[in-house]
Amino acid sequence: MNKQFYKFTCLPILMFIVLLYVTPMLTNVFHASISTYLVVYMLMQVLLLAVGPMCLYKNEYLDSLKLFKKHIFKYVMLAIILWIIIAVAQVIAAKMTGVSASNQTFINSVTDKGTLLSFALSIVLTFVAPINEEMIFRRILIGNFKNHIPVWSLVIISSILFGLIHMHTVQDLQVIFPYIIIGFLFAGAYIKNQYNIVVSTFCHIFLNLVVAVIGLIAASR
């Protein structure tokens, strides 16, 4: 593994860890308000997007996008099918446990207030966060290591890690299964389409967009 490999692997992962764990710790230390935390969170998400996918993997994204455009109808249908499977998994998990993940509860609480900050956060969560998460959990953890570690084990590892980063309390472990399923499905979409990161990213954005729209409709009633 050369320096280029570490540059394309470690830098985005390091920034992602900072985003998930260092940012909330700093806001707690300085007793920052939830609004301040959300602003910092959004800036970090956008920064990660700029330094990660759009710079380090620019050429690959452009090539993947060209292939994506040739079969866009196929990928729209794939996104719809994956959304249905994920929705069923989430309903089953909710029925079995009677709880919802704090990650989803937090998102709902800050995106249904109708403020400019809530709108900006909704945009980041719907479009920017999926790009960053697909970069970390699919392109880097699977794409960069597939020549060194069996792909099936990378899928399992990346899916479990994807589930864990959406957990914020011990109670969330009861509903981690749907997130692992989501990670597994997106990994499958990425691998089965010749490791095209645009495909899994599109499916991820589609899922978040549908959830956001449903949430807005429910909040307006």
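Predicted model: local features only at pLDDT ≥ 70, side-chain atom pairs only at ≥ 80, totals over all residues.
## Overall fold

The protein has nine helices and zero strands. From the N terminus on, the order of elements is α-α-α-α-α-α-α-α-α.

Burial covers 43% of the 221 residues. The exposed surface comes to about 12,100 Å². Carbon and sulfur atoms supply 73% of that area.

## Helix H2

Helix H2 runs over residues 34-56, 23 residues in total. At 1.5 Å a residue, H2 should span 33 Å.

An α-helix has 3.6 residues a turn, so residues three or four places apart point the same way.

## Cysteines

The structure holds zero disulfides. A disulfide is a covalent bond between the sulfur atoms of two cysteines.

Is cysteine 55 buried or exposed? Its relative accessibility is 54%, so cysteine 55 counts as exposed. The cut-off for exposed is over 50%. Cysteine 203 is buried, because its relative accessible area is 2% and buried means under 20%.

## Serine 158 in H7

Serine 158 sits in helix H7, residues 151-164. Its relative accessible area is 0%, so serine 158 is buried.

Which backbone oxygen lies 3.1 Å from a polar atom of the serine 158 side chain? The oxygen belongs to valine 155. Setting aside residues up to four places away in sequence, serine 158 touches Phe137, Leu141 and Ile142.

## Isoleucine 86 in H4

Isoleucine 86 belongs to helix H4, which covers residues 72-97. Isoleucine 86 counts as buried because its relative accessibility is 1%.

Which residues does isoleucine 86 contact, leaving aside neighbours within four places in sequence? They are Ile182, Leu185, Phe186 and Leu207. Tyrosine 179 is 93 residues from isoleucine 86 in sequence. In space, the two C-alpha atoms are 8.6 Å apart.

How values were computed
Residues numbered from 1 in each chain as written. Heavy atoms only, no water. Helix = DSSP H or I, 4+ residues; strand = E, 2+ residues; numbered from the N terminus. Expected span 1.5 Å × (residues − 1). Buried < 20%, exposed > 50% of the residue type's maximum accessible area, 1.4 Å probe, protein only. Areas by Shrake-Rupley, 256 points an atom, 1.4 Å probe, with all protein chains shown as cover. Disulfide = S-S within 2.5 Å. Polar contact = N/O pair within 3.5 Å; in protein donor to acceptor, adjacent residues only side chain to side chain. Contact = heavy atoms within 4.5 Å.
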